[in-house]
Every structure is written in structure tokens, then in C-alpha cells.
Amino acid sequence: MQPVEIVKDVYWVGAIDYNVRHFHGYSYSVHNGTTFNAYLIVGEKIALVDAVHEPFTEEMFSRISAIIDPKRIDYVISNHAEMDHSGAIPSVLERVPNATLVCTKKAVEILKKHYPDGWNIQTVGTGDEIDLGGKTLSFLEAPMLHWPETMFTYYVEEEVLLPNDAFGQHYATESRFADEVDQHTLWREAEKYYANILWPLSRMVQRKIEEVIESGLPIKVIAPSHGLIWRKNPLEIVTRYLEWAKGERTSDKVVITWDTMWNSTTKIARAMAEGIRDAGMTPLLRLIPHSDKSDIIGDLLEAKGVLVGSPTLHNEALPTVAPILADFEALKPAGKKAAAFGSYGWAGGAVKKIEESMKKGKMEVILEPFTVKWVPTDEDLKAAYEYGKTFAEKLNG
Ligand code: FEO
């Protein structure tokens, strides 16, 4: 398998997984597969920056072997200890026992819990450098982006930033560069990645990006550990991250997501969608059993607001609605404007549960819940239409 030279003497030696459909257990869907990006920097000394998921070890080695004898590797840089990037490290260090593993102090503790011990380890922190012989690697700690040990590696002479998961996308393709692929899919995957992985860490994202911008670090290429490499206008994805982190990038979209038992809640959702449309905004209707939870979270990132609906069952929201509510609580889409709706028979606990989760997620509930007892009448549907319209107007107010 062939490597790809991304700038002079820096090679992509990663692996492509066209088959994976779930990440982090089953919590995050990856419809387009993914790549595990590892990079080989060849100077007088040689560094491997990050590795691949363990099942792809031989794919990585075949690419490295097309450039050098892997035994010549001097440094293995681990920017992030998560197993999709560190899984092949034990194999590298077994085959090249004299190589030095370079990582943060925190990473040592994590890697030792994952893998057998006994490696040569050099710990680094922000500002530390390694000289490969006229080629300089500089390190920048980036704790909680998205694990406590995470760091970025920067190849000074060619101005290449290797930020591991940050700025990545789950997108398997033969192309290696962001400017070579379908732009809609690329940005959709980048947006979904941010929403599902980094949203709760937005304050840290903002701080780190502002720190990098203020430092004036020139960046010609951003080579993340998943997906495509940003070489044309790489700061576009940095700006996008900053906007997402601040909640400043929103469209005219409103997400309506719900489940239904006997169609009453669906009728309400449809009436609300018409009201939102007539207020000049775009409703995105996501019936939960037909929609992917990670996609809905991706939709939410740039939406101005969200309406969540459920009938009441056993005094609660339907169990099918629970995963999206759990994501609200965990991902904390802070400040996202929201409201709850639903139908009920004799007790209406669903909207209370939905509102609770929204508040735990630091979302801003801007209207009292909209509820209908049993089946909505024409009058109820007119009220739902007006509710949708009012919700949309408040988003723009
Ligand atoms: Fe792609 Fe946090 O691992």
C-alpha cells in the first residue's frame, strides 16, 4: 500500500476503514467510514506521528515500508492515547525497540494502563522541541481536546500542524486532501464531528484556538488524525471551530425531532413545521425512529433552535426519545433555544422530562411546553401552527 507525501518529507502512512459504521461503541454513527491518519516525517532522524487502530497495523507498516525500513524510526509521537490512534504503537515499539515514545506526562499514565510497559519514553510539554536534523518538531499541549493528555505536534519548517482529532472528519476516501472531495460531505462530517465529540468542550476549544491565533503560528497545512488534510485555506476550518465554539454560526434552520404512538404528536409536529416555515425559517423534521441520533446532533449545531416532542408513556417521554435527551445532558448545547411538545391521555409527564433534559444541557427553554390531550382537534392544530410561528419569531427576535 502506498504512502502519500503531503509536503516535502512528510508522508501520510495511515489506514482507510471503509466498513466502520459506529464509533465510541455505538454512540456515534459514521456513515462514510473513517481513516486513521499516521504521518512519517523523514529527516536525518525519523518520527512517526501517531499510529492507527490496531487491526490496521499492517496497512500502516506497508506504507511506512514503501518509504524507509521501519527499523529506522527514531521517535513515535503519541499526540493522543485513545486506541484508534495508539492501538498500533505496541507493534511499532516491539519491532523498533530502540525508538523513543514521545508524549505528555498525562499520556504516560494512560498508555501504561492500556499497553505493556517497558518503553523508552520522553515526556514533552508546550514549547518543547525535537530536532530531527534540520527538521524541528514543536509540541503544544491541548488538554481536553478531547482527552486530558492530548497535544498537538507542529512541524516548524514546513508549517504543518498535526492536531490529532481536532479538525478531523470521519470520511473514508482514496483522496487525502480536503480540496479533492465532495465539499458538502466534507463539511457535514466536520460539523457532525464537532457536535458529537467537542461540543461540551467548546470553552476549551475556544481558548486553545485563540491561543494559537494570538501566538501568530504560521499554518500552511493542518493534518488531522481522521479524514482529509486541509492544505488550501487551512484557517477556514479553524475559523469554523471558533464560530461553533462560540455558538456564533447559525443558519435559519429549526430542528423538530419527536416520536409518536398514534400519530397525535406527529400531527402537532407537522403543524408546528408549517408555522416555522411561514415565519421564514426552515424546519428540519426528524422523526426519531427514522433518524440517526448523531445526525440530529449534527443538525443541531448550526440550527437556531430545537423543538422536541413525545407522547407520554408511563408518565415519561417515550423510551425512543431518551437517547437524544441523554445527548442534550451530556453534550450541553449551551444557549441553544428550545421548547417541548407532546400529546397525552391522563397524565402529561413527557414534556416535563424533555424540559428537564434541556435545562440540564444548559439549553434555553423559550416557551412553555405545548401539549394536547388525546387527539389534536383542528383548533389544537391551529394553535400548534401558531406555536411554531411564535417559536421561530422568537429565535429571530
Ligand atoms: Fe480519534 Fe479521540 O480518537
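In this predicted model, the side chain of His 226 forms a polar contact with the side chain of Asp 84 at 3.0 Å, a polar contact being a pair of N or O atoms within 3.5 Å in which, within protein, one must be able to donate a hydrogen and the other to accept it, and residues adjacent in sequence count only if both atoms are side-chain atoms. A polar atom of the His 226 side chain also lies 2.9 Å from the backbone oxygen of Thr 35. His 226 is located in the loop between β16 (221–222) and α7 (235–246); helices (H or I, at least four residues) and strands (E, at least two) are DSSP runs numbered from the N terminus. Because its relative accessibility is 1%, His 226 counts as buried, a term that denotes under 20% relative accessible area (1.4 Å probe, protein chains only). Residues up to four places away in sequence aside, His 226 touches, among others, Phe 23, Phe 36, Asp 165 and Tyr 193, where contact means heavy atoms within 4.5 Å.

The chain as a whole contains 12 helices and 24 strands. Buried residues account for 58% of its 397 residues. Of the contacts between residues at least 6 apart in sequence, 72% join residues at least 24 apart. The C-alpha trace spans about 80 × 40 × 35 Å along its principal axes.

Residues are numbered from 1 along each chain as its sequence is written, and side-chain values use heavy atoms, with hydrogens and water left out. As the model is predicted, local features need pLDDT of at least 70 and side-chain atom pairs count only at pLDDT 80 or more, whereas totals for chains, interfaces and linings use all residues.

Key. Buried means under 20% relative accessible area, exposed over 50%, partly exposed in between (1.4 Å probe, protein chains only).
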